[in-house]
Amino acid sequence: MDEVTNLNHRFAINGHLSFEVGENGLLMANIQNAYAQAEIMLQGAHILTYQPVDDAPLIWLSPKAKYLPGKAVRGGVPICWPWFGNYESGNPETDKNYPAHGIARTGMWEVINSEMLPNGATRITFALLMDEAAARLWPHPSALHYIVTVGRDLILELVTHNTGSSPFTISEALHTYFVIGDIDATQVSGLEGCAYIDKVDGFKRKTEPEKVTVTSEIDRVYLNTTEDCIIEDHKLHRNILVAKTGSDTTVVWNPWAEKAAQMADMGEGSYRGMLCVESANAAENAVTVAPGTHHSMCVVYAVQRG
Ligand code: TA6
């Protein structure tokens with residue numbers, strides 16, 4: 001039995017969840033229900049789209065995204081784990097062998113459960129395959145599960161299990177690209193007063209005085225914040241609530257024109273229609289997971305209108 005037939009045999013839900021072979025042989029899960037539609041690539045357990053039935057798409061996907069085995073897709077919800085950003089062993093020689101943002105977003109994942117919830121949402125659970133390549137880069141007995149609930153809201157839970165006998169430390173992010181009407185008409189509230197690392201200004205530490213507006217490249221790692229954020233979209237006349245638990249860091253990123261033009265998979269001017277607001281644990285908010293325990297980071301994305 002081939003892989004996609006096996007997936008449909010074990011996990012398909014008639015009329016709500018099915019699997020198919022997508023571009024370049026990459027397996028896809030397609031979800032639809034009374035609330036929304038979503039597409040998830042099994043490589044990276046990468047949510048590519050989430051479209052509420054009664055609203056504009058919530059998750060942005062580059063018009064020039066490439067779907068290649070072992071390569072991250074530009075847009076959607078990349079999973080950064082077990083490190084966020086560049087790997088930092090202190091040895092630049094070895095660091096370059098470690099992919100930016102870790103092994104999860106380009107690794108193969110398997111489906112371990114699927115179900116319809118009583119409220120009509122569809123839930124699918126993935127587990128990262130810890131193959132030899134993964135073990136070389138992350139030699140810690142561990143498991144990573146990702147629980148995706150597609151309903152009126154999009155609910156994501158990333159669970160790190162320490163299955164070994166020693167503690168390990170991770171940094172992580174749900175590196176979500178959101179659809180916005182226009183970057184000039186968008187603000188992010190909830191980070192006022194937060195300390196942040198400004199990666200476009202020499203990693204200087206600063207404090208956010210007000211709602212975040214974006215008028216040039218922005219790459220900020222807001223620290224020690226458990227607050228919900230709201231993406232206020234004054235062009236699409238909607239707010240997107242980003243409500244998180246188990247996350248002490250929020251990252252806000254937009255490459256702006258110059259950097260976007262250098263990215264083959266961004267598309268001319270497309271940076272104006274996207275903004276990353278990432279629920280994370282990074283820098284001094286990295287998480288140490290004790291042996292035999294687990295750490296969960298969960299986020300709810302909800303559209304608010306009126
Ligand atoms: O989350 C922001 C960031 O760390 C930026 O520094 C930028 O590198 C972005 O992620 C995209 O990274 P990627 O490896 O997907 O190009």
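In which strand is asparagine 162 found? The answer is β9, which covers residues 154–162. Welcome to a short tour of this predicted model, going from the whole chain down to asparagine 162 and one of the residues it touches, Gly292.

**The chain as a whole**

- The protein chain holds four helices and 23 strands.
- A compact globule of 306 residues would have a radius of gyration near 19 Å, and the protein chain agrees with that because its own value is 19 Å.
- Of the contacts with a separation of 6 or more, 62% are between residues 24 or more positions apart.

**Surface, burial and charge**

- Buried residues account for 52% of the 306 in the protein chain.
- The accessible surface amounts to about 13300 Å², and carbon and sulfur atoms contribute 50% of it.
- On the charge side, there are 22 positive and 36 negative side chains. The centres of these two sets are 4 Å apart.

**Asparagine 162**

- Asparagine 162 has a relative accessibility of 3%, so it counts as buried, the cut-off being under 20%.
- A polar atom of its side chain lies 2.9 Å from the backbone nitrogen of glycine 164.
- The side chain of asparagine 162 also has a polar atom 2.8 Å from the backbone oxygen of serine 166.
- Leaving aside residues up to four places away in sequence, asparagine 162 touches Pro141, Pro167 and Phe168 as well as Val289, Ala290, Pro291, Gly292 and Thr293.

**Glycine 292**

- Glycine 292 sits in the loop that links β22 (287–289) to β23 (294–304).
- Its relative accessibility is 67%, so glycine 292 counts as exposed, for which the cut-off is over 50%.
- Which residues does glycine 292 touch, not counting those up to four places away in sequence? They are Asn162 and Gly164.
- Asparagine 162 is thus a buried residue in touch with an exposed one, glycine 292.

How values were computed:
Residues numbered from 1 in each chain as written. Predicted model: local features only at pLDDT ≥ 70, side-chain atom pairs only at ≥ 80, totals over all residues. Heavy atoms only, no water. Helix = DSSP H or I, 4+ residues; strand = E, 2+ residues; numbered from the N terminus. Rg over C-alpha atoms; globule rule 2.2 N^0.38 Å. Buried < 20%, exposed > 50% of the residue type's maximum accessible area, 1.4 Å probe, protein only. Contact = heavy atoms within 4.5 Å. Areas by Shrake-Rupley, 256 points an atom, 1.4 Å probe, with all protein chains shown as cover. Lys, Arg positive; Asp, Glu negative; His and termini not counted. Charge placed at Lys NZ, Arg CZ, Asp CG, Glu CD. Polar contact = N/O pair within 3.5 Å; in protein donor to acceptor, adjacent residues only side chain to side chain.
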